Amino acid sequence: MNNLDQMILGLLKDNARMSITELAAKTRVSRATVQKRIEYMETTGIIAGYTVRFRPDVENNIIRAWANIMVEGTKAQSVIRELRLETAVERLHTTNGKWDLLVELKSDSLESFDKALERIRNISGIYNSETSILLSTYKT
């Protein structure tokens, strides 16, 4: 990746729907160059896809939480495989420090959230966990 790629990615992060023409104007290169760089980043996997982000207040009644997880010994990869199958898991991060994994959870009700936590706690290799429900988000 070069500086132009970095500029294009920065602009697309702010607005993934920005047109090639607008990207070219903002980066001061031709449309063909922008198109070529985007195609390169898509084919090499630098750009994995495009998405829509919602404001947190748009998804009313959605339960969001962070689960910190400690894993027994060398069982991290098997725990990660199991967590990736759990529908309530939005994102999964490995970390250093006290906790081995940080899991972002999302559920449509407290009942389904409770069931998801039960399934997660029963995954073989999880030694300890601590979960916090998100109440407010101030910056997105």
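A: Buried means under 20% relative accessible area, exposed means over 50%, and partly exposed covers what lies in between; please keep in mind that this is a predicted model.

Q: OK, so is Met7 buried, partly exposed or exposed?
A: Met7 has a relative accessibility of 39%, so it counts as partly exposed; its place is in helix H1, which covers residues 3-14.

Q: And which residues does Met7 touch, leaving aside neighbours within four places in sequence?
A: With those neighbours left aside, Met7 is in contact with Lys26 and Thr27. The C-alpha atom of Met7 is also 9.1 Å from that of Leu23, a residue 16 places apart from Met7 along the chain.

Q: Switching to the helices, at what angle do H2 and H3 cross?
A: The axes of H2 (residues 20-27) and H3 (residues 31-43) cross at roughly 105 degrees and come within 8 Å, which makes H2 roughly perpendicular to H3.

Q: Which residues make that contact?
A: From H2 there are Ile20, Thr21, Leu23, Ala24 and Thr27, while H3 contributes Arg31, Val34, Gln35 and Ile38. By type, the residues of this contact divide into five nonpolar, three polar and one charged.

Q: What about the largest nonpolar core, how many residues has it?
A: That core has 19 residues, and Ile69, Val79 and Ile120 are among those with the most contacts inside it. Strand S1 (63-71), helix H4 (76-85), strand S3 (101-107) and helix H5 (110-121) each give two or more residues to this core, and S1 gives the most, with five.

Conventions
Residues numbered from 1 in each chain as written. Predicted model: local features only at pLDDT ≥ 70, side-chain atom pairs only at ≥ 80, totals over all residues. Heavy atoms only, no water. Core = buried A, V, L, I, M, F, W, Y, C linked by side-chain atoms within 4.5 Å. Buried < 20%, exposed > 50% of the residue type's maximum accessible area, 1.4 Å probe, protein only. Helix = DSSP H or I, 4+ residues; strand = E, 2+ residues; numbered from the N terminus. Contact = heavy atoms within 4.5 Å. Axes fitted to C-alpha atoms, helices over the stretch in contact; angles between N-to-C directions. Parallel < 35°, antiparallel > 145°, perpendicular 65-115°, else oblique. Nonpolar A, V, L, I, M, F, W, Y, C, P; charged D, E, K, R; others polar.
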